[in-house]
Amino acid sequence: MIIRMENGASKERVNAVVETAHSLGLKTHLANDGEATIIGLIGDTRHIDVNLLHRLAGVEDVVRVSRPFKMASREFHPENSIVHVGSVQVGGVEPVVIAGPCSVESREQILEAAHQVKAAGAQLLRGGAFKPRSSPYSFQGLQEEGLKLLAEAREATGLGIVSEVMDPVNLPMVAEYVDVLQIGARNMQNFHLLKELGKVNKPILLKRGLSATIEEWLMSAEYILSAGNPNVILCERGIRTFENYTRNTLDLNAVPVVKDLSHLPVIVDPSHGIGVRRYVPAMSLAAIAAGADGLIIEVHPNPEQAVSDGQQSLNPEEFEMMMTKVNILAGKTSTAEKPVAAWA
Ligand code: PEP
Ligand code: MN
(Lines give C-alpha, C1' and ligand atoms only; values in the text may rest on other atoms or scores of the structure.)
(Ligands and ions follow the chains in the order given, each with its own letter.)
Protein backbone atom coordinates (compact mmCIF):
# COMPACT_ATOMS: atom_id res chain seq x y z
CA MET A 1 0.00 0.00 0.00
CA ILE A 2 1.22 3.50 -0.80
CA ILE A 3 0.32 6.79 0.83
CA ARG A 4 0.91 9.89 -1.26
CA MET A 5 1.22 13.00 0.87
CA GLU A 6 0.03 16.42 -0.31
CA ASN A 7 2.68 18.54 -2.08
CA GLY A 8 4.64 20.37 0.58
CA ALA A 9 3.20 18.32 3.49
CA SER A 10 5.21 19.13 6.61
CA LYS A 11 7.68 16.73 8.22
CA GLU A 12 5.44 16.55 11.27
CA ARG A 13 2.50 15.35 9.16
CA VAL A 14 4.68 12.78 7.40
CA ASN A 15 5.97 11.56 10.77
CA ALA A 16 2.46 11.30 12.17
CA VAL A 17 1.41 9.07 9.26
CA VAL A 18 4.55 6.96 9.67
CA GLU A 19 3.81 6.52 13.38
CA THR A 20 0.24 5.50 12.66
CA ALA A 21 1.51 2.89 10.20
CA HIS A 22 3.96 1.55 12.78
CA SER A 23 1.18 1.35 15.37
CA LEU A 24 -0.74 -0.83 12.88
CA GLY A 25 2.21 -3.25 12.81
CA LEU A 26 3.59 -2.11 9.44
CA LYS A 27 7.03 -1.00 8.37
CA THR A 28 7.44 2.10 6.22
CA HIS A 29 9.63 3.20 3.35
CA LEU A 30 9.89 6.85 2.34
CA ALA A 31 10.43 8.03 -1.23
CA ASN A 32 9.71 11.09 -3.30
CA ASP A 33 8.16 11.11 -6.75
CA GLY A 34 9.64 14.50 -7.56
CA GLU A 35 6.68 16.41 -6.14
CA ALA A 36 5.46 14.75 -2.98
CA THR A 37 6.51 12.33 -0.26
CA ILE A 38 5.44 8.76 -0.91
CA ILE A 39 5.14 6.46 2.12
CA GLY A 40 5.29 2.78 1.23
CA LEU A 41 3.69 0.47 3.77
CA ILE A 42 5.36 -2.91 4.14
CA GLY A 43 3.65 -5.87 5.72
CA ASP A 44 0.21 -7.42 5.58
CA THR A 45 -2.04 -4.51 4.61
CA ARG A 46 -5.07 -6.61 3.65
CA HIS A 47 -7.03 -5.68 6.75
CA ILE A 48 -5.98 -2.04 6.91
CA ASP A 49 -8.84 0.46 6.64
CA VAL A 50 -7.93 2.74 3.72
CA ASN A 51 -10.38 5.40 4.96
CA LEU A 52 -8.61 5.60 8.30
CA LEU A 53 -5.35 6.48 6.56
CA HIS A 54 -7.12 8.84 4.17
CA ARG A 55 -8.40 10.91 7.07
CA LEU A 56 -4.92 11.63 8.47
CA ALA A 57 -3.75 15.23 8.04
CA GLY A 58 -1.69 15.86 4.90
CA VAL A 59 -2.65 12.64 3.11
CA GLU A 60 -3.48 13.17 -0.56
CA ASP A 61 -4.17 9.60 -1.63
CA VAL A 62 -3.95 5.99 -0.46
CA VAL A 63 -3.56 3.25 -3.07
CA ARG A 64 -3.03 -0.45 -2.92
CA VAL A 65 -0.01 -1.67 -4.96
CA SER A 66 -1.52 -3.90 -7.60
CA ARG A 67 1.68 -5.90 -8.30
CA PRO A 68 2.61 -8.93 -6.21
CA PHE A 69 6.16 -7.56 -5.99
CA LYS A 70 5.55 -4.53 -3.80
CA MET A 71 8.92 -3.05 -2.89
CA ALA A 72 10.39 -3.88 -6.30
CA SER A 73 7.54 -2.14 -8.12
CA ARG A 74 7.68 1.28 -9.69
CA GLU A 75 4.38 2.12 -8.03
CA PHE A 76 6.11 1.81 -4.68
CA HIS A 77 9.23 3.72 -5.73
CA PRO A 78 8.61 5.89 -8.81
CA GLU A 79 12.22 7.05 -9.32
CA ASN A 80 15.00 4.85 -10.68
CA SER A 81 17.10 3.31 -7.93
CA ILE A 82 20.84 3.74 -8.16
CA VAL A 83 23.01 1.05 -6.58
CA HIS A 84 26.38 2.37 -5.44
CA VAL A 85 29.42 0.11 -5.63
CA GLY A 86 32.20 2.32 -4.26
CA SER A 87 32.24 5.26 -6.67
CA VAL A 88 30.47 3.29 -9.42
CA GLN A 89 26.76 4.00 -9.88
CA VAL A 90 24.66 1.21 -11.34
CA GLY A 91 21.41 2.63 -12.69
CA GLY A 92 22.80 6.16 -13.14
CA VAL A 93 23.27 8.03 -16.40
CA GLU A 94 26.18 5.98 -17.77
CA PRO A 95 25.97 2.25 -18.42
CA VAL A 96 28.32 0.24 -16.20
CA VAL A 97 30.47 -2.56 -17.60
CA ILE A 98 31.52 -5.50 -15.41
CA ALA A 99 34.10 -7.73 -17.08
CA GLY A 100 36.46 -10.58 -16.33
CA PRO A 101 36.78 -14.33 -16.61
CA CYS A 102 34.05 -16.85 -15.92
CA SER A 103 36.25 -18.45 -13.22
CA VAL A 104 39.26 -17.30 -11.25
CA GLU A 105 41.90 -19.83 -12.32
CA SER A 106 45.25 -18.55 -11.06
CA ARG A 107 46.96 -15.44 -9.73
CA GLU A 108 48.47 -14.65 -13.14
CA GLN A 109 45.20 -15.15 -14.98
CA ILE A 110 43.03 -12.93 -12.77
CA LEU A 111 45.64 -10.16 -12.46
CA GLU A 112 46.20 -10.12 -16.20
CA ALA A 113 42.45 -10.10 -16.89
CA ALA A 114 41.89 -7.32 -14.34
CA HIS A 115 44.51 -5.05 -15.90
CA GLN A 116 43.19 -5.79 -19.40
CA VAL A 117 39.53 -5.08 -18.68
CA LYS A 118 40.43 -1.96 -16.74
CA ALA A 119 42.52 -0.66 -19.64
CA ALA A 120 39.56 -1.17 -21.96
CA GLY A 121 37.26 0.80 -19.64
CA ALA A 122 35.44 -1.75 -17.46
CA GLN A 123 34.38 -0.32 -14.08
CA LEU A 124 34.07 -3.59 -12.13
CA LEU A 125 35.83 -6.97 -12.26
CA ARG A 126 33.98 -10.28 -12.35
CA GLY A 127 35.38 -13.74 -11.58
CA GLY A 128 33.76 -16.86 -10.19
CA ALA A 129 35.35 -18.49 -7.14
CA PHE A 130 32.37 -20.78 -6.43
CA LYS A 131 31.13 -22.22 -9.70
CA PRO A 132 27.72 -23.83 -10.25
CA ARG A 133 28.59 -26.52 -12.80
CA SER A 134 26.21 -28.93 -14.50
CA SER A 135 28.68 -31.78 -13.89
CA PRO A 136 30.16 -32.61 -10.48
CA TYR A 137 33.36 -33.58 -12.34
CA SER A 138 33.86 -30.09 -13.81
CA PHE A 139 36.04 -27.42 -12.15
CA GLN A 140 34.15 -26.15 -9.10
CA GLY A 141 36.19 -23.00 -8.52
CA LEU A 142 39.16 -22.05 -6.33
CA GLN A 143 36.74 -21.04 -3.56
CA GLU A 144 38.33 -18.94 -0.78
CA GLU A 145 41.68 -18.95 -2.55
CA GLY A 146 39.90 -17.47 -5.59
CA LEU A 147 38.34 -14.74 -3.45
CA LYS A 148 41.79 -13.85 -2.09
CA LEU A 149 43.10 -13.55 -5.63
CA LEU A 150 40.16 -11.32 -6.58
CA ALA A 151 40.90 -9.11 -3.59
CA GLU A 152 44.51 -8.89 -4.77
CA ALA A 153 43.30 -7.90 -8.25
CA ARG A 154 41.14 -5.18 -6.68
CA GLU A 155 44.16 -3.94 -4.77
CA ALA A 156 46.22 -3.86 -7.97
CA THR A 157 43.64 -2.15 -10.20
CA GLY A 158 41.17 -0.37 -7.94
CA LEU A 159 38.29 -2.24 -9.62
CA GLY A 160 35.48 -3.40 -7.32
CA ILE A 161 34.89 -7.15 -7.49
CA VAL A 162 31.78 -9.18 -8.32
CA SER A 163 31.65 -12.88 -7.46
CA GLU A 164 29.02 -15.55 -7.00
CA VAL A 165 27.77 -16.98 -3.72
CA MET A 166 25.89 -20.25 -3.97
CA ASP A 167 24.68 -21.00 -0.47
CA PRO A 168 23.97 -19.42 2.91
CA VAL A 169 26.83 -21.35 4.54
CA ASN A 170 29.50 -19.53 2.54
CA LEU A 171 27.69 -16.18 2.45
CA PRO A 172 29.49 -14.51 5.38
CA MET A 173 32.87 -15.51 3.96
CA VAL A 174 32.13 -14.41 0.37
CA ALA A 175 30.61 -11.15 1.63
CA GLU A 176 33.89 -10.41 3.48
CA TYR A 177 35.78 -10.27 0.19
CA VAL A 178 33.49 -9.01 -2.57
CA ASP A 179 31.92 -5.67 -3.43
CA VAL A 180 28.89 -7.22 -5.17
CA LEU A 181 27.40 -10.64 -4.41
CA GLN A 182 26.30 -12.41 -7.59
CA ILE A 183 23.36 -14.82 -7.34
CA GLY A 184 23.50 -17.21 -10.25
CA ALA A 185 20.61 -18.25 -12.46
CA ARG A 186 20.43 -21.64 -10.74
CA ASN A 187 19.95 -20.02 -7.35
CA MET A 188 17.40 -17.37 -8.27
CA GLN A 189 14.77 -19.25 -6.30
CA ASN A 190 16.97 -20.42 -3.43
CA PHE A 191 14.64 -18.69 -1.02
CA HIS A 192 16.70 -19.43 2.07
CA LEU A 193 19.69 -17.77 0.43
CA LEU A 194 17.58 -14.81 -0.75
CA LYS A 195 16.34 -14.17 2.80
CA GLU A 196 19.90 -14.22 4.12
CA LEU A 197 20.96 -11.73 1.41
CA GLY A 198 18.45 -9.30 2.87
CA LYS A 199 20.61 -9.06 5.99
CA VAL A 200 23.87 -8.36 4.15
CA ASN A 201 25.25 -4.88 3.68
CA LYS A 202 26.49 -5.48 0.12
CA PRO A 203 24.78 -4.98 -3.26
CA ILE A 204 23.28 -8.07 -4.88
CA LEU A 205 23.45 -8.93 -8.58
CA LEU A 206 20.40 -11.14 -9.08
CA LYS A 207 20.49 -13.16 -12.28
CA ARG A 208 17.29 -14.33 -13.91
CA GLY A 209 16.67 -18.08 -13.62
CA LEU A 210 17.01 -20.28 -16.68
CA SER A 211 13.26 -20.63 -17.04
CA ALA A 212 11.97 -17.90 -14.77
CA THR A 213 9.22 -15.53 -15.81
CA ILE A 214 9.77 -11.83 -15.29
CA GLU A 215 7.32 -11.94 -12.40
CA GLU A 216 9.16 -14.83 -10.69
CA TRP A 217 12.42 -12.91 -11.09
CA LEU A 218 10.94 -9.78 -9.54
CA MET A 219 9.44 -11.85 -6.72
CA SER A 220 12.95 -13.12 -5.96
CA ALA A 221 14.16 -9.52 -5.82
CA GLU A 222 11.24 -8.85 -3.47
CA TYR A 223 12.58 -11.51 -1.07
CA ILE A 224 15.86 -9.60 -0.77
CA LEU A 225 14.28 -6.14 -0.55
CA SER A 226 11.67 -7.17 2.00
CA ALA A 227 14.36 -8.81 4.13
CA GLY A 228 16.12 -5.45 4.41
CA ASN A 229 18.62 -5.02 1.55
CA PRO A 230 17.56 -2.31 -0.93
CA ASN A 231 20.63 -2.70 -3.18
CA VAL A 232 19.52 -5.15 -5.84
CA ILE A 233 20.72 -5.10 -9.45
CA LEU A 234 18.78 -7.35 -11.83
CA CYS A 235 20.65 -9.25 -14.55
CA GLU A 236 19.04 -10.70 -17.68
CA ARG A 237 21.25 -13.63 -18.75
CA GLY A 238 19.14 -15.48 -21.30
CA ILE A 239 16.44 -18.08 -20.88
CA ARG A 240 16.20 -21.64 -22.11
CA THR A 241 14.20 -22.07 -25.29
CA PHE A 242 13.98 -24.64 -28.11
CA GLU A 243 16.79 -22.87 -30.02
CA ASN A 244 20.05 -24.81 -30.27
CA TYR A 245 22.34 -22.57 -32.32
CA THR A 246 22.77 -20.35 -29.28
CA ARG A 247 23.36 -21.44 -25.66
CA ASN A 248 20.34 -19.51 -24.37
CA THR A 249 17.96 -16.96 -25.85
CA LEU A 250 18.84 -13.50 -24.60
CA ASP A 251 15.48 -12.04 -23.68
CA LEU A 252 16.02 -8.36 -24.40
CA ASN A 253 12.24 -7.92 -24.18
CA ALA A 254 12.80 -8.10 -20.45
CA VAL A 255 14.84 -4.89 -20.36
CA PRO A 256 12.11 -2.34 -21.19
CA VAL A 257 9.47 -4.44 -19.46
CA VAL A 258 11.37 -4.69 -16.18
CA LYS A 259 12.42 -1.06 -16.30
CA ASP A 260 8.74 -0.19 -16.62
CA LEU A 261 7.59 -2.53 -13.83
CA SER A 262 10.44 -1.85 -11.43
CA HIS A 263 12.74 0.92 -10.23
CA LEU A 264 15.70 -1.46 -9.88
CA PRO A 265 18.68 -1.23 -12.27
CA VAL A 266 18.80 -3.90 -14.97
CA ILE A 267 22.01 -5.11 -16.58
CA VAL A 268 22.49 -7.72 -19.29
CA ASP A 269 24.84 -10.70 -19.60
CA PRO A 270 25.19 -11.38 -23.33
CA SER A 271 28.02 -13.89 -22.71
CA HIS A 272 25.70 -16.45 -21.12
CA GLY A 273 22.72 -15.07 -23.02
CA ILE A 274 23.98 -16.09 -26.44
CA GLY A 275 26.94 -18.25 -25.42
CA VAL A 276 28.96 -17.80 -28.62
CA ARG A 277 31.92 -15.41 -28.56
CA ARG A 278 31.48 -13.87 -31.97
CA TYR A 279 27.89 -12.82 -31.28
CA VAL A 280 28.55 -11.24 -27.88
CA PRO A 281 29.45 -7.71 -29.15
CA ALA A 282 26.26 -7.43 -31.23
CA MET A 283 24.07 -8.42 -28.28
CA SER A 284 25.97 -6.06 -25.96
CA LEU A 285 25.09 -3.16 -28.24
CA ALA A 286 21.52 -4.38 -28.54
CA ALA A 287 21.23 -4.49 -24.73
CA ILE A 288 22.43 -0.91 -24.35
CA ALA A 289 20.11 0.22 -27.16
CA ALA A 290 17.23 -1.49 -25.32
CA GLY A 291 17.94 0.63 -22.24
CA ALA A 292 20.05 -1.66 -20.04
CA ASP A 293 21.94 0.01 -17.19
CA GLY A 294 25.04 -2.02 -17.92
CA LEU A 295 26.65 -5.23 -19.07
CA ILE A 296 28.49 -8.15 -17.52
CA ILE A 297 30.91 -9.68 -20.02
CA GLU A 298 33.20 -12.70 -19.80
CA VAL A 299 36.74 -11.76 -20.86
CA HIS A 300 39.72 -14.11 -20.58
CA PRO A 301 43.39 -13.38 -21.40
CA ASN A 302 43.39 -16.59 -23.45
CA PRO A 303 39.84 -17.93 -24.00
CA GLU A 304 41.06 -21.12 -25.70
CA GLN A 305 42.65 -22.12 -22.41
CA ALA A 306 39.80 -21.11 -20.10
CA VAL A 307 38.67 -23.80 -17.66
CA SER A 308 35.05 -22.67 -18.01
CA ASP A 309 33.02 -20.84 -20.66
CA GLY A 310 35.95 -20.21 -23.02
CA GLN A 311 33.60 -20.53 -26.03
CA GLN A 312 31.74 -17.39 -24.98
CA SER A 313 34.64 -15.37 -23.52
CA LEU A 314 36.06 -12.45 -25.45
CA ASN A 315 39.81 -12.01 -25.68
CA PRO A 316 41.15 -8.60 -24.55
CA GLU A 317 41.33 -7.19 -28.09
CA GLU A 318 37.76 -8.19 -28.85
CA PHE A 319 36.64 -6.67 -25.57
CA GLU A 320 38.42 -3.42 -26.31
CA MET A 321 36.77 -3.18 -29.73
CA MET A 322 33.41 -3.91 -28.21
CA MET A 323 33.91 -1.23 -25.56
CA THR A 324 34.67 1.39 -28.21
CA LYS A 325 31.33 0.66 -29.87
CA VAL A 326 29.44 0.50 -26.58
CA ASN A 327 30.85 3.90 -25.61
CA ILE A 328 29.83 5.46 -28.90
CA LEU A 329 26.34 4.04 -28.55
CA ALA A 330 25.97 5.01 -24.91
CA GLY A 331 27.14 8.54 -25.52
CA LYS A 332 25.13 9.16 -28.65
CA THR A 333 21.80 7.47 -28.17
CA SER A 334 20.01 10.71 -28.98
CA THR A 335 21.37 10.96 -32.53
CA ALA A 336 20.38 8.65 -35.32
CA GLU A 337 23.68 8.13 -37.13
CA LYS A 338 26.09 7.05 -34.42
CA PRO A 339 24.40 3.83 -33.27
CA VAL A 340 24.29 2.72 -36.91
CA ALA A 341 27.96 3.58 -37.35
CA ALA A 342 28.72 1.61 -34.18
CA TRP A 343 27.70 -1.62 -35.89
CA ALA A 344 30.10 -1.12 -38.81
C1 PEP B 1 28.51 -17.00 -14.51
O2 PEP B 1 28.29 -15.78 -14.43
O3 PEP B 1 29.62 -17.48 -14.78
C4 PEP B 1 27.35 -17.93 -14.36
C5 PEP B 1 27.51 -19.16 -13.91
O6 PEP B 1 26.19 -17.37 -14.75
P7 PEP B 1 24.68 -17.93 -14.69
O8 PEP B 1 24.34 -18.13 -13.25
O9 PEP B 1 23.89 -16.83 -15.34
O10 PEP B 1 24.63 -19.20 -15.48
MN1 MN C 1 30.36 -18.37 -16.99
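Analyst: Helix α3 (residues 107-120) packs against helix α11 (residues 316-331) at an angle of about 25 degrees, and their axes are 9 Å apart. The model is predicted: local features need pLDDT of at least 70, side-chain atom pairs count only at pLDDT 80 or more, and totals for chains, interfaces and linings use all residues. Residues are numbered from 1 along each chain as its sequence is written, and side-chain values use heavy atoms, with hydrogens and water left out.

Helices here are DSSP runs (H or I, at least four residues), numbered from the N terminus. Axes are lines fitted to C-alpha atoms over the stretch in contact, with angles from 0 to 180 degrees between N-to-C directions. Angles under 35 degrees count as roughly parallel, so α3 and α11 are roughly parallel to each other. The crossing of α3 over α11 is right-handed (the near helix is turned clockwise from the far one by less than a right angle). In contact (heavy atoms within 4.5 Å) are Q116, V117 and A120 of α3 with P316, F319, E320 and M323 of α11. By class, this contact of α3 with α11 has five nonpolar residues, one polar and one charged.

On the α3 side the contact involves R107, I110, L111, A114, H115 and K118, and on the α4 side L149, L150, E152, A153, A156 and T157. The contact of α3 with α4 divides into seven nonpolar, two polar and three charged residues.

How values were computed: Chains are lettered from A and ligands numbered from 1 in the order in which they are written. Helices (H or I, at least four residues) and strands (E, at least two) are DSSP runs, numbered from the N terminus. Angles under 35 degrees count as roughly parallel, over 145 as roughly antiparallel, 65 to 115 as roughly perpendicular and the rest as oblique. Ala, Val, Leu, Ile, Met, Phe, Trp, Tyr, Cys and Pro count as nonpolar, Asp, Glu, Lys and Arg as charged, and the others, Gly among them, as polar.
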